[in-house]
Amino acid sequence: MGEERAGNSTQLVSVDEISKHRSLDDLWLVVDDAVYDLSHFVGEHPGGAAVLLQHAGRDATAAYSEVHSPSLIKTSLPASSHIGVLDRATITEQWARPPPQAGGPPQKRPKKPPLDSLINARDFEAAAEASFTPKAWAFVSSAATDCLTKERNRSAYSEIVLRPRVLRNVSNVDISTTILGHRITAPIFCAPTSMGRIFNPEGERELGRGCQRVGIPQCVSTSCSYPLPEVMDAVEDEQRAANGSKPIPVFFQLYVDKDRRKSEALLRMVRERGVKAVLLTIDAPVIGKREADERVKSDESLRAPMSGAQPKNDKKGGSLGRLMGSFIDASLTWEDIAWLRKSAPGLPIVLKGIQTAMDAVKAMEAGVDAIYITNHGGRSLDTAPATILVLLELQKCCPQVFDKMEVYVDGGITRGTDIFKALCLGAKAVGIGRGFLFALNYGKGGVEQFVNILTDELVTTMQMCGITSLDQVHPGLLHTGAVDYLVPGSEEHPYAKWKPKINSRL
């Protein structure tokens, strides 16, 4: 029936006409004032038919926008599915009401506190816990199995002691630096995170706007909830609104697809849109078991537009990471760095997921531009070492890597003192993931305030320690005796000496 009416995508369609099409075999709905015939798509919809039937003959814009980017429906459906444009003059009060919820009235969540009442990074986290949906909170807060690495990432910083220096002129402080040759206002970047739309309707687009405002890089994930061009459009609009200020770089995090052709096509788009580096994730050949996320079912209508991944709840649970990470190629090896160079010519390569000195040396020998110490925020392998301890391991076992490559670190960073400690141990910049998603709760204004809080704390720490620029940080400003015993001195175990058998596949 819909196909007979299709053909004029600009014709006005009345609410009365739209309301007639409310069955499985004749289903119309409205998204962003465009009227679509989904009759032939009902059986293919990844989220099932129920949600389509719930909004059949109605305006589904709000429900659609919670989980999909604006361009998805326009690019996924054939032109014949576009019936026309909603005639807004025919809208009635009854038709405009949202459809009844299948599970009864929606549960009201506590209101988040005003943005101006938040004075530290943990305030943003508390506001997110109070106001995110249960699934959004489970996704962002979860970590692998017993969450020990997640907690140790944070607690290890508290065991490292500052050694303040006094009677220095610290009236003027400069925290600007460079990353891969690009000048940035502070040694912080927004680490790649997934599915930003479940925290804010504008998702990674809004993160990009906020990062441009404060002059720090954003790293866009393969599992971003918007296509890369839509994120870059938002970033470039924000750059233009800044009256010609120098653009801040955007980086791209790559999960390599089992079908390498898909990754190659993605990398072509990355280059075309002016992304300045590729961060290759190497610490997640498979997805860790994140139990808090498994316990809350996923919305099966979600879709990551660049990877094409969609969740489908199963007997193991509803973890978004596991359900949407099945496309990742677990066969990736050091030899594939040559493939990446060929697929992204001219772009700097950063290996994201270094967790030992041995692999840092291999990365240096492979000639990559930078390494990124991370354990995925404790989300991959529980009881992996806290990232600040890996930074110490590099200083102990292979200090030469700091002269050959830039080194970044993330994990557990919630204070300016944490940033300072990482910089003193050789990090060029620090990444923050969860914190930016908590800040995204308040849009780009939240991102701006979150970064300003951390940079204010960093400046204060530097002044208290007697330095005024980042080229003055050094390990002598720290005492690490409380954690030094946790730092390995070599690849070998100190007394257990056996090795894999010769015929082992390793």
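The second largest pocket in this predicted model has a volume of about 800 Å³. Its lining counts 48 residues. Nearest the centre of this pocket lie His376, Gly377, Arg379, Gly433 and Arg434. By class, the lining divides into 19 nonpolar, 19 polar and 10 charged residues.

Which elements each supply at least two residues of that lining? Five helices and a strand do: helix 7, helix 8 (134-141), helix 9 (148-158), helix 14 (320-324), helix 20 and strand 16 (429-432). Helix 7 spans residues 121-131. Helix 20 spans residues 434-440.

Arg379 is one of the residues nearest the pocket centre. Arg379 also lies over the face of Phe139, at 5.1 Å from the ring centre.

Now turn to the aromatic rings. The model holds nine aromatic pairs. One of them joins Phe124 and Phe450, with 5.6 Å centre to centre and 85° between the planes. That geometry is edge-to-face, because planes over 60 degrees apart are classed that way. Phe124 belongs to helix 7, whereas Phe450 belongs to helix 21 (residues 443-464).

Phe436 and Phe450 form an edge-to-face pair, 5.3 Å centre to centre, with 70° between the planes. Here the link runs from Phe436 in helix 20 to Phe450 in helix 21, 14 residues apart. Phe436 is buried as well, with 1% relative accessibility.

What do these contacts build? Phe124, Phe436, Tyr442 and Phe450 form one aromatic cluster. Tyr442 also has a charged neighbour: Lys112 lies over the face of the Tyr442 ring, at 4.9 Å from its centre.

Helix 7 and helix 20 each supply at least two residues of the pocket lining.

Terms used:
Residues numbered from 1 in each chain as written. Predicted model: local features only at pLDDT ≥ 70, side-chain atom pairs only at ≥ 80, totals over all residues. Heavy atoms only, no water. Phe/Tyr/Trp six-rings, centres within 6.5 Å; stacked < 30°, edge-to-face > 60°. Helix = DSSP H or I, 4+ residues; strand = E, 2+ residues; numbered from the N terminus. Buried < 20%, exposed > 50% of the residue type's maximum accessible area, 1.4 Å probe, protein only. Lys NZ or Arg CZ within 6 Å of the ring centre and 35° of its normal. 1 Å grid on protein atoms, 1.4 Å probe; cavity = no way out; pocket = protein on both sides within 12 Å on 5 of 7 lines; lining within 4 Å. Points joined across faces, edges and corners; volume = space filled by probe spheres on them. Nonpolar A, V, L, I, M, F, W, Y, C, P; charged D, E, K, R; others polar.
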